[in-house]
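This briefing covers a protein chain whose sequence and structure are shown below. It is arranged by topic.

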Amino acid sequence: LSILKRDVILESPTRNEVYSGYYLEDHNVEVKGDGFADNEGADFTVTGKQLVNGTSDNAFTYELKNNTKAVNYNITPVTGTLTVTVVDDAITVTAVDDEKTYDGIPLANSGFGYTDGILRETDTLTAVVEGTITDPGTEENVVKSYKVMNGTTDVTSCYTFAESVKGTLEVKKVMTPITVTAASDDKVYDGTPLENAGFSYTENILADTDTLTAVVEGTITDPGTENNVVKSYRVMNGTTDVTSCYTFSES
C-alpha cells in the first residue's frame with residue numbers, strides 16, 4: 001500500500017491597474033493542484049503592495065494550520081506580480097498672467113493652475129513659477145518645475161504631463177501726467193544776477209522708490225522779468241533711469 005503526498009500550489013494574485021493614488025493590493029492567495037485535505041490548510045500573510053508606476057512581487061508567507069503536517073504535502077509557492085501603470089490623460093501646468101501700473105517695485109507672481117479632473121484625490125501638485133518685470137513692458141512667467149506628492153512619496157512619474165504653458169507679466173506706463181514747474185523768484189535790484197534752480201512737480205504720482213531731478217535755467221540782473229525754464233528732467237530708481245515709465249505734461 002502506498003500513500004503519495006498531495007501536490008499543493010499556493011499562488012498569490014497578479015494584478016494590473018492604472019495609478020489610483022492608493023496601494024494596489026490583493027491578499028487572496030489561491031490554493032491549486034491537489035489542494036489540502038479536508039479540514040486542513042494554511043493561513044496566509046500577504047505583504048506585497050505597489051503604489052507608484054512599476055512592477056513588484058505580490059509577496060506572501062504561509063503557516064500551516066495546527067492539524068496540517070508539512071510531511072504530507074509537496075507545497076510550491078508561486079508569487080504573482082502587482083503592476084501599476086501611468087495615468088494616460090495629460091496634465092498641463094499653466095503659469096498665471098498678471099499686470100499692474102509701474103510703481104518701481106518688481107512684479108512677480110508664482111501662481112499656477114493645472115488641468116482639472118486628472119489628479120488623484122490623494123495627491124498634491126506644486127510648481128515653481130519664475131518671472132519678474134519692473135519697468136513697463138512684458139515678460140514671460142515660466143513654469144520651471146512641478147512635482148506631485150502622495151503624502152511623503154513623490155508620484156510625479158505616475159502622471160503624464162503636456163508641455164507647460166507660460167504666463168505673461170505686464171507693467172504699464174504711468175499715464176497720469178507729471179508737470180515739472182520751475183521756481184519763481186524776485187528781489188530788489190542789487191547789481192548781481194538773480195537765479196533759482198528750484199522746481200516742483202505734481203504730487204502723489206511718483207513711486208516711493210523713485211527720485212525726480214530737473215535742470216532749471218534762468219537769469220536776470222536788471223529790473224524786469226525773465227523766464228525760469230525747466231531744461232530737462234530725469235527720474236531715477238536707484239541707478240536706473242526710469243523716466244520713460246512716466247508721462248509728463250509740458251513744463
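The points below cover a loop residue, a sheet, the nonpolar cores and the salt bridges.

This is a predicted model, in which local features need pLDDT of at least 70 and side-chain atom pairs count only at pLDDT 80 or more, while totals for chains, interfaces and linings use all residues. Residues are numbered from 1 along each chain as its sequence is written, and side-chain values use heavy atoms, leaving out hydrogens and water. Helices (H or I, at least four residues) and strands (E, at least two) are DSSP runs, numbered from the N terminus.

**Ile205**
- Ile205 is in the loop that runs between β19 (199-201) and β20 (211-217).
- Its relative accessibility is 16%, so Ile205 counts as buried (buried is under 20% relative accessible area, exposed over 50%, partly exposed in between; 1.4 Å probe, protein chains only).
- Beyond residues up to four places away in sequence, Ile205 touches Val174, Thr176, Pro177, Ile178 and Tyr246 (contact means heavy atoms within 4.5 Å).
- Thr176 is 29 residues from Ile205 in sequence, with 7.3 Å between their C-alpha atoms.

**Sheet**
- An open, antiparallel sheet is formed by three strands in the order β20-β21-β22 (two strands pair if DSSP finds at least two bridges between them).
- β20 and β22 (240-241) are at the edges with a single partner strand each, so one side of each has no neighbour in the sheet.
- Seven antiparallel bridges join β20 to β21 (residues 229-237), and Val216 stands opposite Val230 in β21.

**Nonpolar cores**
- The largest nonpolar core has 21 residues, and Tyr102, Ile178, Val180, Leu212, Val235, Tyr246 and Phe248 have the most contacts inside it (a nonpolar core is a set of buried Ala, Val, Leu, Ile, Met, Phe, Trp, Tyr and Cys residues joined through side-chain atoms within 4.5 Å).
- β17 (167-172), β18 (180-182), β20 and β21 each supply at least two residues of this core, and β20 gives the largest share, three residues.
- A second, separate core has 20 residues, including Leu82, Val93, Ala95 and Ala127.

**Salt bridges**
- There are seven salt bridges (a side-chain nitrogen of Lys or Arg within 4 Å of a carboxyl oxygen of Asp or Glu).
- Glu11 pairs with Lys32, with the closest N and O atoms 2.7 Å apart; the pair links β1 (residues 6-11) to β3 (residues 30-33) across 21 residues.
- Lys172 pairs with Glu99 at 3.3 Å between the closest N and O atoms; Lys172 in β17 and Glu99 in β11 (residues 98-101) are 73 residues apart.
- Arg15, Glu17 and Asp26 are linked in a salt-bridge network.
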